[in-house]
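Please read the report below alongside the sequence and the model.

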Amino acid sequence: MRDDDLAFIDVMQRDLRNVRWAEPVELRARARRRSRRTVAAAAVAVLALTSGAAFVASGRAASPARAPVAANPSATPWSATEVPAEALLQPSDVRPAGTTPWNDSGLDEEIQLDKMLEVCRQEQGLRTEWVKSRYSRSVTLLRKRPGAGDQSAPQAVVLQDVHRLAPRDGERLFDELPALLAPCRTWRFTGPVELKGKRVQAEVVHSWQTVDSGFAGDESVLVRHAVGQGRRLDTGARLGDGTPPKEQVVVRVGDLVTVLSTGPGGDEVTLRDLARVAAERLCRATNPGC
């Protein structure tokens, strides 16, 4: 071999030694996460309209905002590090007590809002991607259903994803949100419904919009998903009693972004309070720190 060939091989071997290969646990976690989201998308896309109730969701009036938490600027170059478990909401942050956490982690995950929002954009031939993070971690805080037996599945009280973003991605995250929601401000979704043992085609109107901002962290928005009353396509008859709106919050503190929502029975007041607690926890793990 020539000297320049040997030099090339040395460089290549050195570079390969510096590559961080994903651990098997990371790959398995990423696969579980995508599988769970796929199942959730399939489930939420069905118009479950039965005996007077269309969708399970909740929303109430908001409480006054408190001073946001913000990260301090720094001249230190940014570097990606994993999201620590301490950056997530903990069982002690939720009242009443008695929740059990289900944690997961991911690598190169896309930041996602409502799965039905993705269906809306897909049906219009629009891209569903928003921003991709380097590292992410999620938690679902579960609570046993009141009065349920030991075999009953627990109920999700809080769902949270935390993502670590490169600075340029964090800057454009909130800039791109209006364009992401705009095509779905009024979207008519049709699909099959099981009604008294028969399958019929029904229609329901979905709407997504931001209703508040600037209440936590460096940046924050509250996104509301409203679902109208279902209607049979063959007869025009109304189905169900309509559904209360469902909210999600997106909060950024430094290079960390969290998407947070509550489970059935949650309300906007609780969600805002949790967003502020989440911002305080993110402060402990941002780069640069708060």
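Asp255 has a relative accessibility of 5% and counts as buried. The term buried stands for a relative accessible area under 20%, exposed for over 50%, and partly exposed for values in between, with a 1.4 Å probe and protein chains only. Arg164 is also buried, at 1% relative accessibility. The side chains of Arg164 and Asp255 form a salt bridge, with N to O at 3.0 Å. A salt bridge is defined as a side-chain nitrogen of Lys or Arg within 4 Å of a carboxyl oxygen of Asp or Glu. Arg164 belongs to strand β3 (residues 155-164), and Asp255 to the loop between β9 (243-253) and β10 (256-262), so the pair ties together parts that are 91 residues apart in sequence. Helices (H or I, at least four residues) and strands (E, at least two) are DSSP runs, numbered from the N terminus.

This is a predicted model, in which local features need pLDDT of at least 70 and side-chain atom pairs count only at pLDDT 80 or more, while totals for chains, interfaces and linings use all residues. Residues are numbered from 1 along each chain as its sequence is written, and side-chain values use heavy atoms, with hydrogens and water left out.

Another pair is Glu268 and Arg224, whose closest N and O atoms are 2.8 Å apart in a salt bridge. This pair links distant parts of the chain, with Glu268 in helix α5 (residues 268-283) and Arg224 in strand β6 (residues 219-227), 44 residues apart. Glu268 counts as buried at 3% relative accessibility, whereas Arg224 is partly exposed, with a relative accessible area of 25%.

A further salt bridge joins the side chains of Asp273 and Arg276, at 3.2 Å from N to O. Asp273 and Arg276 are 3 residues apart in helix α5, so about one helical turn separates them. Asp273 is partly exposed at 32% relative accessibility, and Arg276 is buried at 5%. Through salt bridges that share partners, Asp212, Arg224, Glu247, Glu268 and Arg272 are joined into one network. The structure holds 18 salt bridges.

## Two disulfides

How many disulfides are there, if a disulfide is a pair of cysteine sulfur atoms within 2.5 Å? The count comes to 2. The link of Cys120 and Cys184 is left-handed, with -110° about the S-S bond. Cys120 is found in helix α3 (residues 115-123) and Cys184 in the loop between α4 (167-181) and β4 (187-195), so the pair ties together parts that are 64 residues apart in sequence. Both Cys120 and Cys184 are buried.

The sulfur atoms of Cys283 and Cys290 are 1.9 Å apart and form a disulfide. The torsion about the S-S bond of Cys283 and Cys290 is about -90°, so this disulfide is left-handed. Cys283 is buried, with a relative accessible area of 13%, while Cys290 is partly exposed at 35% relative accessibility. With bonded cysteines counted along the chain, the disulfides follow the pattern 1-2, 3-4.

Ser207 is part of strand β5 (residues 198-213). Is Ser207 buried or exposed? Ser207 has a relative accessible area of 17% and is buried. A polar atom of the Ser207 side chain lies 2.6 Å from the backbone oxygen of Arg185.

Contact means heavy atoms within 4.5 Å. Leaving aside neighbours within four places in sequence, Ser207 is in contact with Cys184, Arg185, Arg224, His225 and Ala226.

## The chain as a whole

The protein chain has 5 helices and 10 strands. Of its 290 residues, 42% count as buried. Among the contacts in the protein chain with a separation of 6 or more, 73% are between residues 24 or more positions apart.

The accessible surface of the protein chain is about 15400 Å², and 53% of this belongs to carbon and sulfur atoms. Accessible areas come from the Shrake-Rupley method with a 1.4 Å probe, and for residues only the protein chains shown count as cover.

Terms used:
Polar contact = N/O pair within 3.5 Å; in protein donor to acceptor, adjacent residues only side chain to side chain. Disulfide = S-S within 2.5 Å.
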